[in-house]
Structure formats: structure tokens, C-alpha cells
Amino acid sequence: MITLALSKGRIFDETLPLLAAAGIEVLEDPEKSRKLILPTNQADVRVVLVRATDVPTYVAYGGADVGVTGKDTLLEHGGGGLFQPLDLQIAKCRVSVAVHNDFDYAQAVQRGARLRVATKYTTIAREFFARKGVHVDLIKLYGSMELAPLTGMADAIVDLVSTGNTLKANNLKEVEHIIDISSHLVVNQASLKLKQERLRRIIHAFAQGVDARNAA
Ligand code: AMP
């Protein structure tokens, strides 16, 4: 049995065509079903639905053989115990620093101010500001980062940005582009040895699916 860990939403939706390229069709709609384990048309492949941030953990500990997860989540997780064979180039966005429209970020950085930064990406933020030589107090949040500068709780946020519409709607502006993000295939290292042939075929089909989509 091959167990594939996916999170609902954008990653699930954008992984479906790649699964199809591997001849795998998920037989239930996760938005309609309450099931956490979904069967596929292949008797030896099943999908488990987990929180996006839990995908690397499920795969690293062998709860799933393979998974699809954002680079942001992988960087925060650290990637230990995971083989990362393929950038699927889906769910693309970026991790950025944003501040309130009225906040002079460049000046604050220039005069060496200590910034309060709210984020769920504490590892990415810590490394980024350390490299820049900017002192920060990190405030860990689990959602609605945009609210932190609006309430005066933080000077800046580090968050995912795609179109920039969410920032704009909340009177925030992007001031630093930290890293481009897309989703990656991750594989449990023990599974790769024990189920090598089946997993290699799936990885190969996913790679072909990515190439075919890019060529279209
Ligand atoms: P946007 O308004 O298009 O810039 O999207 C920003 C919002 O969508 C933020 O709340 C992000 O956390 C979320 N977001 C954008 N891209 C992604 C992605 N690839 N995966 C998960 N969340 C995302």
C-alpha cells in the first residue's frame, strides 16, 4: 500500500492533474466527504487528508509514504527524514515582509530599530532578519497575520503573498520578498527503499506531469 498525504484546498486541487498523470484518481471529493482516508482507483494507493503543516511530519514518521507540501512548510519543518525529489511547481506564491502603509520600513531598518514581527514562519523570519542584521522580536501567530500591524501588536508581518490583494485590502504593503514558494513532493526515506519500484514509478509520472503542464 502507498499512502499519499495531502492537505485540502489548493494543494489537493492542483495535485489532482499530477495524480491523473500517474493513472491515479481519487474516488471521493474531500470537500463533500468527512473521511480522512480516501480511496483511489488503484487498490494499492490511498490518500490521507492532513493539515498542511502536518504533511512533512506524517511523511517523516511513516504515517504516509509520500506527500505534497509547500516549500514554506518544509523550511519551517526542517525537512529531516524526508527525500525531496521534485518541485511540482504548483500553489506558487512567495514569503514576504509586509508593514502598514504608513510605516517607514526602510527608515526603521536604517536607524537600527528593533522590529516586532508577527508570523507563523518564525524560522524563515529569524534567518532572514539575522542575515540582514536587523534585530527582531518575533511574535508567533497561527493565522490572520495581517491583523497584527493593524492592531499595533507588530511593526511587520512575514506571510505568504500571492496576488497581493489581501495585503492591499488591509492597508498593508510588501516591503521585502524573502523567497519564492511552490509545493514539493516529499518521500519517506525508509519507504523509498522498501517500496522503491512503486514509488519511483509515481515520482517519474509526477515529473512527466509537471513537464507536460509546463510545455502546454
Ligand atoms: P493574496 O491575497 O492572493 O496575496 O493571497 C494571500 C493570502 O492567501 C494569505 O492569507 C496567504 O496566507 C494565502 N496564500 C496565498 N498563497 C498561498 C499558497 N500557495 N498556499 C497557502 N496559502 C496561500
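Student: Which residues of helix H1 are buried?
Tutor: In H1 (residues 10-21), they are Ile-11, Phe-12, Thr-15, Leu-18 and Leu-19. Buried means under 20% relative accessible area, exposed over 50%, and partly exposed in between (1.4 Å probe, protein chains only). Helices (H or I, at least four residues) and strands (E, at least two) are DSSP runs, numbered from the N terminus.

Student: Why are they on the same side of H1?
Tutor: Because they cover an arc of only 120° around the axis. The arc is that of the directions from the helix axis to the C-beta atoms. An α-helix has 3.6 residues a turn, so residues three or four places apart point the same way.

Student: And what is exposed on the other side of H1?
Tutor: Pro-17 and Ala-20.

Student: What covers the buried residues?
Tutor: Among others, strands S1 (2-6) and S11 (183-188) and helix H9 (196-215).

Student: Where does this model come from, by the way?
Tutor: This is a predicted model, where local features need pLDDT of at least 70, side-chain atom pairs count only at pLDDT 80 or more, and totals for chains, interfaces and linings use all residues. Residues are numbered from 1 along each chain as its sequence is written, and side-chain values use heavy atoms, with hydrogens and water left out.

Student: New topic: how many residues are in the largest nonpolar core?
Tutor: It has 27. Such a core is a set of buried Ala, Val, Leu, Ile, Met, Phe, Trp, Tyr and Cys residues joined through side-chain atoms within 4.5 Å.

Student: Which element gives the most to this core?
Tutor: H9, with five residues.

Conventions: Contact means heavy atoms within 4.5 Å.
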